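Please keep the model open while reading.

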Amino acid sequence: MDLNLLATFEALIEEGSVAAAADRLHLTPSAVSHALGRLRTQFDDPLLVRIGGKMQPTPKALLLADELSPVLRGLRRALEPQAPFDPATSDRVFRIALHTSPTFMAQMTTDILRAAPNVMIEWVRIKPSNQNDLADGLIDLLHVGGPAYLMDGIASIDLSPVTFFSFVRNGHPVTKEWSTENAAKYRYLQVAVEDTGGTPIEKEHRVLNRPRTLGGKVHDFSLIGSMLAATDLITTQPSFVMAEMWTRYDLQVLEPVAAPKDFPMRFAWSARNASDPGNNWLRDTVIAAYEDHQADINHKLGAVMIPLRN
């Protein structure tokens with residue numbers, strides 16, 4: 001079936017004459033008459049019969065019109081050029097899965113709502129099922145740490161590698177002489193957000209043969225500050241999650257005894273949303289802000305970091 005014939009049929013039914021349909025379709029009356037002939041052959045029905053000087057639809061034509069009208073509307077919507085995303089008028093819900101970073105999340109939410117006041121931002125916890133949720137369209141953007149395998153149908157972009165720093169409470173005895181030997185005398189606080197058991201920090205301690213004893217474990221980065229402030233535990237964390245806590249809890253910053261040097265980070269999204277204007281806008285906005293945030297906090301932490309003595 002030639003879809004152009006269906007558009008002609010629709011015009012004939014709604015206009016009631018060959019001449020009016022031809023004018024609406026910007027065709028000649030003879031072209032419309034020829035199309036009507038093909039339609040009659042296709043459906044084995046006269047479809048339109050001249051009665052009292054006007055073309056009247058047959059019962060079959062009326063039935064076809066009822067069935068075809070929503071189909072043609074859907075085809076037109078599907079074939080129309082995609083409208084550009086307008087943040088100022090959009091009311092979409094965007095879901096972003098990101099390791100807890102209160103400072104970045106708050107600033108990002110503020111910036112997004114300033115540009116798109118009617119959208120909603122939902123920050124989703126990092127968990128093992130995130131990639132499935134991303135592929136199913138339940139998440140728009142996923143923060144991926146480490147060399148994790150990405151499922152088929154997921155696209156990503158590499159970010160600047162993560163910089164790690166160690167943190168202790170202000171006045172911690174180890175800050176008087178920060179060395180690998182003194183560091184080994186104290187226990188560590190670990191954050192295991194995905195319940196996988198191990199962390200890249202543990203791996204580096206094993207590789208460098210620098211023993212580390214755990215004294216505590218939490219499952220959210222936001223708990224680090226209060227835990228360190230109340231104990232003599234040491235922790236080593238990526239800089240972007242500590243932007244708020246190191247000042248709020250007056251923590252001291254140390255050069256890590258062992259930490260990955262080029263730990264990869266990515267933002268990932270469903271490949272089916274690769275050309276979606278709204279998703280493109282979200283990715284551009286979040287990724288640019290993330291890179292600026294990480295560079296800023298790395299600079300601030302590096303300026304106050306106590307170097308490791310060999």
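Glu-122 is partly exposed, with a relative accessible area of 30%. Buried here means under 20% relative accessible area, exposed over 50%, and partly exposed in between (1.4 Å probe, protein chains only). The model is predicted: local features need pLDDT of at least 70, side-chain atom pairs count only at pLDDT 80 or more, and totals for chains, interfaces and linings use all residues. Residues are numbered from 1 along each chain as its sequence is written, and side-chain values use heavy atoms, with hydrogens and water left out.

## Salt bridges

Glu-122 has a charged partner. Its side chain meets that of Arg-95 in a salt bridge, 3.0 Å from N to O. Glu-122 lies in strand 4 (residues 120-124) and Arg-95 in strand 3, so the pair ties together parts that are 27 residues apart in sequence. Helices (H or I, at least four residues) and strands (E, at least two) are DSSP runs, numbered from the N terminus. Arg-95 is also partly exposed, at 30% relative accessible area.

A salt bridge is a side-chain nitrogen of Lys or Arg within 4 Å of a carboxyl oxygen of Asp or Glu. The structure holds eight of them.

| Salt bridge | N to O distance | Relative accessible area |
|---|---|---|
| Arg-92 with Asp-276 | 2.9 Å | Arg-92 26%; Asp-276 16% |
| Arg-95 with Glu-122 | 3.0 Å | Arg-95 30%; Glu-122 30% |
| Arg-248 with Glu-244 | 3.0 Å | Arg-248 56%; Glu-244 22% |

Arg-248 counts as exposed. Glu-244 counts as partly exposed. Elsewhere, a network of salt bridges links Glu-14, Glu-15 and Arg-24.

## A proline contact

Pro-84 lies in the loop between helix 4 (59-79) and strand 3 (93-97). At 72% relative accessibility, Pro-84 counts as exposed. Pro-84 and Pro-277 are 193 residues apart in sequence, yet their C-alpha atoms are 6.1 Å apart in space.

## Aromatic rings

A pair of aromatic rings is described by the distance of the centres and the angle of the planes. Rings of Phe, Tyr and Trp (its six-membered ring) pair if their centres lie within 6.5 Å; planes under 30 degrees apart count as stacked, over 60 as edge-to-face and the rest as tilted. A search of the whole structure finds seven aromatic pairs. One of them joins Phe-85 and Phe-94, edge-to-face, with 6.1 Å centre to centre and 70 degrees between the planes. Both Phe-85 and Phe-94 are buried.

Phe-267 and Tyr-290 have ring centres 5.4 Å apart and planes at 85 degrees, so this pair is edge-to-face. The pair links distant parts of the chain, 23 residues apart: Phe-267 in strand 12 (residues 265-270) and Tyr-290 in helix 11 (residues 277-304). Phe-267 and Tyr-290 are both buried.

A charge sits over a ring if NZ of Lys or CZ of Arg is within 6 Å of the ring centre and within 35 degrees of the ring normal. Arg-283 lies over the face of Trp-269, at 4.3 Å from the ring centre.
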